[in-house]
Amino acid sequence: MKKVVFILLMLFVTLSYSQDEYNHNYYWNFQNNSKAIVGFTKCYVRESPNINSVILDSLQLGSEVMVKTTSEELFKFKGINVSWVEIKFKNNFGETKTGYLWKGFLALNFIKKQELTYLTTIDKIEKFKSGGYINDRFSISAKILNNNQFLNQITIKKFLSESTYFENKTIGSLGLSKLQNIYRISFAGESCGVATLYYYFGWNGNKLLLLPEKMNVGDADVYYHSEEFVFPSEKGGRPDLIIKKIEEAELIEETSGIYNMTEGEEIFKWNGEKAILFKKSKLRKSKKKL
């Protein structure tokens, strides 16, 4: 019963959250005087934080800038409602200039590994109706550059609900054949009941490849859903298999701390290009004191 109430609460929060007119500034977690990177081509720098302001210059994909401050003025484009940032940048003549850039043109964050740059952008946000609910569907792109030259990208469409805090990292190939690196991005919430969503992309030297995703969510000590991967080079890993271990726990006896447990596995076969789900275990149910 508690699990049903929890799911209904999540649906209500998601619906309310998506229907309100709010801004998306929190996905770009910039501090004043922090580095950022332009995530799109031909992005105009303006004299003031206004779409009708004088154009001072344009920046290309991969251009690095310094975010000085964030303005209070908002501008909505492609469903993305964010503020402007005052930036310091170098023009084509090597001169240091300042101006205002719409925050949506910047990558959420970026990572440099040798000559490669991994970055993530939000390309657009669409209203999507499904099952009587209207929610925001995000088009999110993982991109890779070589010395500011675009190499490849892959775009996914996802519902992030209240998962807002963004993080990215590279984690190596973890034993998957034909991969040089894995780029992982995640969106997390700041309160109980908000899922942390993980998306994985493999880089093989020519293109980015989509890997399985996972999520974790919990509601204090009442309920949690956990998904964890075991990659080939990790303890318990097997060659070219990605094992997803799934565990759920729901409190049924508060005084004794007894939980209904559900455990299972999904096993993906990696063929060098794609991860294919080929085995799904039967769910194992038990009661356990945690």
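1. Strands are DSSP runs of E, at least two residues long, numbered from the N terminus. In this predicted model, strand 10 covers residues 149-158, and Lys158 lies in it.

2. The side chain of Lys158 makes a polar contact of 2.8 Å with the side chain of Glu213.

3. Thr117 belongs to strand 8, which runs over residues 116-130. Is Thr117 buried or exposed? Its relative accessibility is 3%, and the limit for buried is under 20%, so Thr117 counts as buried.

4. Around Thr117, with neighbours within four places in sequence left out, the contacts are Ile37, Phe110, Ile111, Lys112, Lys143, Ile144 and Leu145.

5. The largest nonpolar core has 45 residues. Which of them touch the most other members? They are Trp28, Leu106, Phe187 and Phe201. Strand 5, residues 80-90, supplies the largest share of this core, with 6 residues.

6. Trp28, one of the residues named for the largest core, has contacts beyond its neighbours within four places in sequence. These are with Ile80, Val82, Lys103, Gly104, Leu106, Ala107, Leu108 and Ile122. Leu106, in this list, is likewise one of the residues that touch the most other members of the core.

Note on methods:
Residues are numbered from 1 along each chain as its sequence is written. This is a predicted model: local features need pLDDT of at least 70, side-chain atom pairs count only at pLDDT 80 or more; totals for chains, interfaces and linings use all residues. Side-chain values use heavy atoms; hydrogens and water are left out. A nonpolar core is a set of buried Ala, Val, Leu, Ile, Met, Phe, Trp, Tyr and Cys residues joined through side-chain atoms within 4.5 Å. Buried means under 20% relative accessible area, exposed over 50%, partly exposed in between (1.4 Å probe, protein chains only). Helices (H or I, at least four residues) and strands (E, at least two) are DSSP runs, numbered from the N terminus. Contact means heavy atoms within 4.5 Å. A polar contact is a pair of N or O atoms within 3.5 Å; within protein, one must be able to donate a hydrogen and the other to accept it, and residues adjacent in sequence count only if both atoms are side-chain atoms.
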